[in-house]
Every structure is written in C-alpha cells, then in structure tokens.
Amino acid sequence: MALSPAFLAELERIVGARGVVSTPEGRLAYECDMHTFYKGAPDFVVLPETTQQVVELVRLCRREHVAVVPRGSGTGLIGGAMAPVGGVMVSMTRMNRILDLDFPNRSATVQPGLINLWLSQATREHGYYFAPDPSSQMVSSIGGNASTNAGGPHCLKYGITVNHVLGLEVVTGAGELLRVGGKAQDAPGYDLTGALVGGEGTLGLLTAITVRLLHVPAGVKTLLASFSAIDDASEAVSAIVGAGIIPAALEMIDETFVRAINEGVGAGYPKGAGAVLLIELDGPAAEIEAQAGRIVQICHDHAALEIRVAQDDTERALLWKGRKEAAGAVGRMSPTWILQDAVVPRSRLPEIMREVQAIGARHRLVIANVFHAGDGNLHPMILYDDRVPGELERAQEANDELLRACLAMGGSVTGEHGVGLDKAWSMPLQFGDADLSFMARFRRVFDPDGIMNPGKLLPSHPACGEGFRPAAPRLPAGTWV
Amino acid sequence: MSAPALADALAAIVGREHVAGSATELSAAAVDGVTPRWRVQPSSVDEVSRIVKLAASEGLVVAPRGSGSALHLGMPPARVDFALDLSRLTGIMEYIPADMVATVQAGVRLDVLGRELGKHGQMLALDPYGGRSRTVGGVIASGASGQRRFRYGTGRDLLLGARFVQADGTVTWGGSKVVKSVTGYDVPKLLAGSLGTLGVIVEATLRLHPVQPASGSWLFAFTSRDTAGSFVAAVLASTLEPDRIAWLNAGALVRAGMDSSDAGVAVSVGSVAEAVSAQGAALASMASSQGGKASVLDEGFWSGLGGALAGPIAVKLTSEIRRLPFWAGELERVFARRGLSPAMVGEAGNGVLHAAAEGSVPPGDWAKEIVSPLRDGLSAEGGSLVVERAPVELKRAADVWGPIPEPALAVMKRLKAEFDPHGTLNPGRFVGGL
C-alpha cells in the first residue's frame, strides 16, 4: 500500500491529520537543507509529537519499504535532510521540549527539536551552558547537532558534540526503541551512544538526548589580532598552540571576509587587514590574564598590525557577531558559493592556505576563508556566479582540488558539517574498501532494510536498489515553483 | 590442522622464537586459569592479520593482550588457543608536536610514550590505576580510565583514529588523524572498551594535551562521608577548574600512605602558577567551611592510587554524580556483611567508584548478598557494577558485567554476529556472553 491513500491514512492515524504535510507546495518547503544544490522533496512530511509516534512511523515505513528521512531545523550544509528518493520525512520540530535539567549531575535531557541556544539560555542563569556552538546555534536543533556530530568555534577546547552526549533514546531503522547511556557514565558494553552520534539519520531517529552541561567559566577574554598577511596569522596560530595554550576558540578571517563582514555586519574589523585572528580564552581569571599576555606577545612576534581586547560583553559580542554572521555577509560578494569543510593537521595550515590561494588563482575564482584555525578545520568558500557559463564547473573543479590537497596532507573530508549526500562520494578518497565495508555493515546492524536516510553518508548502500520501489516523481506536474 | 602443523604455521608468521609453547610460558599467560595453547608475539600489523586469519580459518580462539595487566577483566574464557601478545608492536609511527596528535602501535607503553611526549611539553591524558607500564592498546580496549578523565575525558574521547584487525584478519581503519573529523561513522568509539571482541586494535591515533606549566595537589580530610560529599558538590557547582577530584575512604587513605580519616578528597589543579595558587586557596576555604583539613600532596600520591586499589577483588561502580556518596556507603555496608573492608577511590566528578578488597567470600554469598543488591538499586538509577577482578569462582557465580537492558543487548549481539560471526575474538568474555 506504499504511498497510496491508505498509506497516508496510516500516517494520519499515527500523528493526526495536522501532523502530516502532503500538498505539493507544503512538501516543497522540505526539498532541501541549506545546501540548496541538492533537491528532493519527500512524498510526505510527518511531524510527530511523541516517541511512540516515531516508533510507529518507523515500523510502518519498514513494513512498507518506504524511505525515512529525519530532519531537524534543516540548517545542515551537506544535503542531509532532503529526500533524494522520496519517502517520508520526519520533522522533529514539534518535539522541542527540555525534559530534564539536572545541575548536580551536570546534565540535561532534551527532545531532538530543541534549538541549541535555548538550552544554554535555560541553564545560564543557573551557571551552566551547553558547549557545542555551531554558528547556526540560534536556529539549529540539538537532535540535528547530535546527528551530524556538529562542531563550532569552541570545539577547540571543549570537543565536538559527541564529547557532550551522555545518552540517547533512538528509534532504530529496525523499529526498536533503544535507550543507551545516560547520566551514569561508562555503561558496560559497546559504546553505542558514541557510535550513534554522527549517524546522520542513517541508523535511526533520535528522540531524546542526554547532554553534558558545563559550568560557565569564571572569566572570558576575547582578543582580535590583525595581520597584513594570512601567512603571519597562520604562523601565529601554530605558535599559540605550540606554547601550550588551548584557547576556547581560535578563528581566522581572511581579507575578503573582513571586507564583507565590515560592509554587511558592521563588526568594525580593522580595515585593510590581510587576515584577522579572533581568539577567545575562558577559565579562571588568573589563567586567562596570563595566557592573554602571552598571546599578545606571540602576535607581536608574528608582525601583528593591531591587537584589540574586548573590554566588556558588548564589545565581545560585536567581535563575535562578524564571525557568526560571516556566511550571510558573503551574499554581498557573490550570489552563489561552494563551502568546503575539510580539515588539515594544524601544522600544515600555512601551506594549505597558500595552496587555497593558488587554486583560486588557477581557476580564476575568489576563495574566501573564515575558519576554525585552531583545529585546522577549513571553511573555504569558493565564490562563483551561476549565471556565467562555466563558472559552476570551475568552482566544482577548484573544490575537488582543494579537498584532495587537504587529504594529501593527512586531513579529513569533513570536520564538522558531516557527509550527507554532498560528500558521500568523497568517502573513498579517505577510506579504503575494507573501511567502507565495515561502515556499511555497521549501518545494516541498525537498519537491516536500508530505509534510513538512503543515499547519505556512504557512497552506496548495500540495500539500495533492492529495498526501494522506483522513486516517485519528485514534484507533480503543474506545481508552482 | 594438527598441533605441530599449527605451531609451524605460527612460526612461519612470526619466527619460531616468538611462539611460546612451554608449560611455564603458557601458564604465565593463562586467562582466569585457562592456559592458551600458544602465546604468539607478532612484530607488525601484517603479522597480526595473518595470525587472526589463521585462527579464523582453523576455528580457533584468539585472546589479544598488551602488558597482561587487565586479563582479569571479563568472564572466564571457555578456551584460548592463541594468546596474541601485542607487546612487540612498540612503534611510535608519527608524532608531530605542533599537531598535538600521535599515532602509535598498540603495544607502546604509557610510560615510554609519556617520556617521548614530555620532551615536547605534551602528554596523553590517560592515567589508569597502576598503569604506567600498561600499553596504549590495552588501556583503550579495556576502557580503563583514571582521575584525569574529569578534565580530559576517557579513551573514547582521546582516540581519534584506530587501525584494527577484524575477526577474519582484514586490516581496517576507522576515524582520522586530525583532531576534528566527522567523516563517516565514529568507528573508534565502537572499539574503545570493546575488549577486543570486534577487532584487535593495532594502531591508535591519539589526541594529546599540553602539560600545564604549574600544578598543585591537595588532600582535604573530612570527618564523614557526607561532609566530603558536600565539599565535592560545592567544587562541582563552582567555577573552579580542577584536573582531578578523587574521593577516598579511610581504607584507601591508609593504603595510599595518608593519615586516617573518615573520608578524604584529593584535588589537583593544572594551570599557570597564579591560577594554581588562587584555586588552591579557594578550595581550602571551601573545604574548611565543611570542616575539612587541608594538606599538600605531591604528584606521587596520584601514581600511588593504583596500589591503594590492589587486592584479589576489585569492582567498579558507576552512578549519577550526586549519588556517588550514597552508593559508596551502600557498597561499604554490603561488603562489610561478609567481613570485607574495601578500599575505595572515586572519580568523584564523574560518578565512578573503584573498590578493592582483600579476603574471601563464598560464591553464593558474593552473588546474592553483595552483587545483586547493589545492582538492583543501581540499575533503577541507570548505574552499573562491574566486577573487574575476582577469583574465578566468584566470576562464575555472578556475571561480572551485570545485565544489559534490551534492546541494547540485542543490538550488541547483532554487532558481534556481524563482525565476529564465528567467535574468533575473545568469545564469551564480554557483556551478555558475547
């Protein structure tokens, strides 16, 4: 009965008629995440309100061999929350409550649709916060963060999302309601919690997440150092880390971005700087004072043009505003861009930045950079104009060369955005057949019929082509677009 | 294949001098009294792969080992054919201090690695009890942790990438060699703490940390467990940033060479010198408001904690952080019923408690009067009790891991069936009989 009126009736029985989106224009809103290059609308969108509804949805889809595509806020950058072969998209936006705040145990349990920033807002007055801070944190959901194992500027000191997830409630692709981990650490057995984080919805749907809360640090100090050349800034990054200082965040902003941010966001970064480092220290007052002094020294030694220290929260917020809204500011420079998320070992930073510039020059494209320099996680934005014939192709070639350059230095395909549809075909550049086969078999343990988010994360899924009926037309004829 | 033919096949892989077959050598390599048929010492990843492949094709059982210091962990094996000794895999394959990442072979000892990293002011923040002579692979595979986990996490957090040999001998890589990567599934998480039951870790890429420029350690002695618990809660609720927060009972304090008191909390801080002394002063003032007496500790105190946890019986209890003082009391109470007086050391900021005891207890009493009551209470709160070391008869009387709730156990069984369908790697020793 797949995707028949009877199937729709089943969905409505589970989540209620108001919980199903089936109109063409309604489904259109769900055809892509923030990587708008990849489009595929689901046949139905369902918005469950309870874990039990999610269990029933997955069991129904498994019985009917229908693909299940999880979606949080849809702010992913990898073509993850879209439906390349149609099926049922499960949007978690109505499951957005905080279930438990437990400060003595330094933990919180939340539903997957809860917005990341809301958790820190709810806990900060008690002296706690949730450390993972992707730039999308004011809109992205914690379920999405855990599914993609999201990062953020402060991961340098505090680690990525997986280091902050203590337990999960998951509905697996086999339709099981699985509870793993929790407030008590080191549960005996395999670390399923750790292995499920970053599953990108290919293993199951997260329905509750228990996370670690950290105490708000005693003090914060934010510095901004500008340099005439990106090379100097890169060397300064190595020297800071080499001095045994792990700042909370260590972000690089290149000349192109400094210009765009100043014009678009008005952050007031030093005009004409070839590169800017945004450095944040947090911790006990005496520690950050001493470290700040050392960092100022190091930046001077590396020919810094100017060093500013935020004097209060307002100044600090302004320094960060430019960084957090950088992706938006780039709209002033170019209508379209390709964003890369590759990683290089920190020591190769000066080298890869020279390579990025060379690749841009070779393809006659501007490549703008704003990234997490402290951990070597690049975010080159390859700017192109899709109205100019051939530019998209040149941008794609540049993107490919860049990725290969990073991997040749011992890097990784993605540092924090995830694989999704976008990078599934890059996986063989980093992993061998045996490695990929291990991952495919791991996936099958949770999703024996291959219904969970097909086409994502791995270059091909063992169940692809067998488990699915032929894809329905993505959008019916006559839909207004 | 006949026994002599197997011995020849092993010798062909590693050389005759690295295959031990004498009764003395083998009994020294016994696991819970079960003697392996051979102890084999490969010197390369390829040799490990060929040994495992040989075992798989012959239907034999492989028990991997590092320094051999954690062989007591797990259920007693039904049989062991190859004791796969990884202590010759001692290569530090890649270490670029500026990256703060090192790739090492599984048999590298923590003390050897520590000396190399120390030359560059760096460290691997894994400090299992009694463990500087333990190997990297063994510590990660056995999920061993120590007091530094409060600040730096455990093996799962520090293992960025792993090369491992699957049950059919296939050499496989998971994870990455950079500090931040989300490319594909986090396979290293699956291997950390899996006791070699899904694959034999042969190479680990590790996240390192800078050694702090200054550090200070203090012991705060209290007259009751409750006041010590209140002090820990106050530290956790403050903005202080300790490296380690150890809770010790009277037995552990005495064994660690300290003056006896009802409970002690040892705290260390690593930072710049100014911040160390400022935090030390803040800790002392918090402790004194709970009636605690402060004394300064040297670094040797921390490495001596393993000695405080010696003894034929050792358990690891986990609970909610705030419930740890309660469970420490319960553990002491049920042990005392059978005349056991445990030394206890808690990772107080993580809700983890290690207890060790001398003496003996009848197996039936062990299961019914000690293990079951604790597990019943703990499991209602999501906690656990793992018997990490005990005489074989006690291990047989009560599953050392405790029950795993469904459907988590079903998933774990499917993982084992997928990656080791013929039970080549440490069969029967892990949770749920896996």
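Before looking at any partners, I noted that two strands pair if DSSP finds at least two bridges between them. Strands (E, at least two residues) and helices (H or I, at least four residues) are DSSP runs, numbered from the N terminus.

**Ground rules.** I'm looking at a predicted model, where local features need pLDDT of at least 70, side-chain atom pairs count only at pLDDT 80 or more, and totals for chains, interfaces and linings use all residues. Residues are numbered from 1 along each chain as its sequence is written, and chains are lettered from A and ligands numbered from 1 in the order in which they are written.

**Sheet in chain B.** I looked up B:Tyr95 and found that its bridge partner in β6(B) is B:Ala102. β5(B) and β6(B) (residues 101-105) run antiparallel to each other, with four bridges. They belong to an open, antiparallel sheet of five strands, ordered β5-β6-β10-β8-β9 in chain B. At its edges I found β5 (92-96) and β9 (171-175) of chain B, each pairing on one side only. On average, neighbouring strands here are turned by 15° against each other, direction ignored; axes are lines fitted to C-alpha atoms, for helices over the stretch in contact, and angles run from 0 to 180 degrees between N-to-C directions.

Next I checked what packs on this sheet: helix α3 (residues 45-58) of chain B, which touches β8 (159-165), β9 and β10 (200-207) of chain B. Contact between two residues means that their C-beta atoms, placed from the backbone, lie within 7 Å. The direction of α3(B) makes about 145° with that of β10(B).

**Sheet in chain A.** Here I saw an open sheet of four strands with mixed pairing, in the order β1-β2-β4-β3. Its edge strands are β1 (20-21) and β3 (68-71) of chain A. I found β2 (residues 44-46) and β4 (residues 88-91) of chain A paired in the parallel sense over three bridges, and A:Val46 has A:Val90 as its bridge partner in β4(A). Helix α3 (residues 51-64) of chain A packs on this sheet, at about 170° to the direction of β4(A).

**Where the chains meet.** How many residues of chain B are in contact with chain A? I got 68, against 71 residues of chain A. α17(B) gives the largest share of chain B's side, six residues. That side divides into 31 nonpolar, 23 polar and 14 charged residues.

Technical notes. Nonpolar A, V, L, I, M, F, W, Y, C, P; charged D, E, K, R; others polar.
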